[in-house]
Amino acid sequence: MMDIHHKPVMFNESLEYLITDKSGVYFDGTLGFGGHSEGILLNLNNDARLIATDVDTDAFNFSKLKFKNDERIKIYNFNFSQINVIAKIESVPGFSGVLADLGVSSFQLDNPASGFTYRNEAMLDLRMDKTKKVSAEEVVNSFSEERLADIFYKYGEEKKSRQIARRICEKREIKKIKTTLELSEIIFGITPVNYRIKTLSRVFQALRIYVNDELETLKVFLTKSVDLLIKGGRIVVLSYHSLEDRIVKEAFKYEELDCICPKDYPVCKCEKESRLKIITKKPVVPSDDEIKNNFRARSAKLRAAERI
Ligand SMILES: C[S@@+](CC[C@H](N)C(=O)[O-])C[C@H]1O[C@@H](n2cnc3c(N)ncnc32)[C@H](O)[C@@H]1O
């Protein structure tokens, strides 16, 4: 079994917000290496169920083995946006709780072979689901300068997006950019020393979000999850950057509204129903202690809402 040093982020807080019925059916959309799932199972009765999924095959295989002796859990290698398909396969009419701990796991970041880190030499890939058609290598080597700049700006909020895109296009004329370090060197070449790491992480984040279609997938997952929550059931989402957090915040707000008519309509005509009550008016953040012990937790934000 792989050696995994993974500390689930806001572990206690996630479980407190998520679990309302110890005999319920729960969904963990980002199983990873099973940190949160393990906590969920520890807090559930013998008649409860947990359905968990991860797009990453390593995470799926690891967790399948980890939980092989617990009959309460069923594990899938699906995208969480297919929560409705999984619910159908499992004949689950509704969930008591749905959890998503977004982004990549520490294993994906620390393991050079998974190609998520710019700190080690790895093939420029960044796909969580290796069956997806377009890898980061293809994006970097075949997209137009304008399209690359848009990706860096939109998904990395990178101010130097145009300059970076231009330099990539110049360099790839000479030699195809194949590895994480080759891309890093290009970015280093045009970034002042103090900004290098931040710029690198923004460019890699942008490529990762694009390649995995992370933001659209998240929107689909949030809507389908609300469709599938039973009354009183909870959705808990942990996000790690502002783009994700904004989507979660907006989706929860939209689901809480009972009218979306223009303000000047004298009577409501929209028939919109409020489906969620937001429980965390402000996002919950990790304690100083947790951040000290787990660097990855520093940017985490937890939002929770209840189906009404
Ligand atoms: C932060 S880790 C989760 C860690 C997990 N909570 C634990 O305690 O071990 C995020 C995981 O979600 C997976 N993931 C990201 N987006 C996904 C998606 N759309 N569908 C399914 N899994 C996804 C990643 O492959 C990664 O393993």
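This is a predicted model: local features need pLDDT of at least 70, side-chain atom pairs count only at pLDDT 80 or more; totals for chains, interfaces and linings use all residues.
The crossing of helices α11 and α12 is right-handed.

**Helix packing**

Helix α11 covers residues 214–228 and helix α12 covers residues 242–256. Their axes come within 10 Å and cross at roughly 30 degrees. Angles under 35 degrees count as roughly parallel, and α11 and α12 are therefore described as roughly parallel to each other. On the α11 side, the contact is made by L215, L218, K219, L222 and V226. Helix α12 contributes L243, E244, I247, V248, A251 and E255. By class, the residues of this contact divide into 8 nonpolar, no polar and 3 charged.

A second pair is formed by helix α9 and helix α10, which pack at an angle of about 130 degrees with their axes 10 Å apart. Helix α9 passes α10 in a right-handed crossing. S184, I187 and F188 of α9 meet R196, T199, L200 and V203 of α10 in this contact. The contact residues divide into 4 nonpolar, 2 polar and 1 charged.

The two pairs are set out below.

| Helix pair | Residue ranges | Axis angle | Axis distance |
|---|---|---|---|
| α9 and α10 | 180–188 and 196–212 | about 130 degrees | 10 Å apart |
| α11 and α12 | 214–228 and 242–256 | roughly 30 degrees | within 10 Å |

**Domains**

The protein chain is divided into two domains: domain 1 consists of 11–107 + 215–307, and domain 2 of 129–212. The C-alpha centres of domain 1 and domain 2 lie 30 Å apart. Their contact takes 6 residues from domain 1 and 5 residues from domain 2. The side of domain 1 that touches domain 2 has 3 nonpolar, 3 polar and no charged residues.

Methods. Residues are numbered from 1 along each chain as its sequence is written. Domain bounds come from an automatic or database domain assignment. Two residues are in contact if their C-beta atoms, placed from the backbone, lie within 7 Å. Ala, Val, Leu, Ile, Met, Phe, Trp, Tyr, Cys and Pro count as nonpolar, Asp, Glu, Lys and Arg as charged, and the others, Gly among them, as polar. Axes are lines fitted to C-alpha atoms, for helices over the stretch in contact, and angles run from 0 to 180 degrees between N-to-C directions. Helices (H or I, at least four residues) and strands (E, at least two) are DSSP runs, numbered from the N terminus. A crossing is left-handed if the near helix is turned anticlockwise from the far one by less than a right angle, and right-handed if clockwise. Angles under 35 degrees count as roughly parallel, over 145 as roughly antiparallel, 65 to 115 as roughly perpendicular and the rest as oblique.
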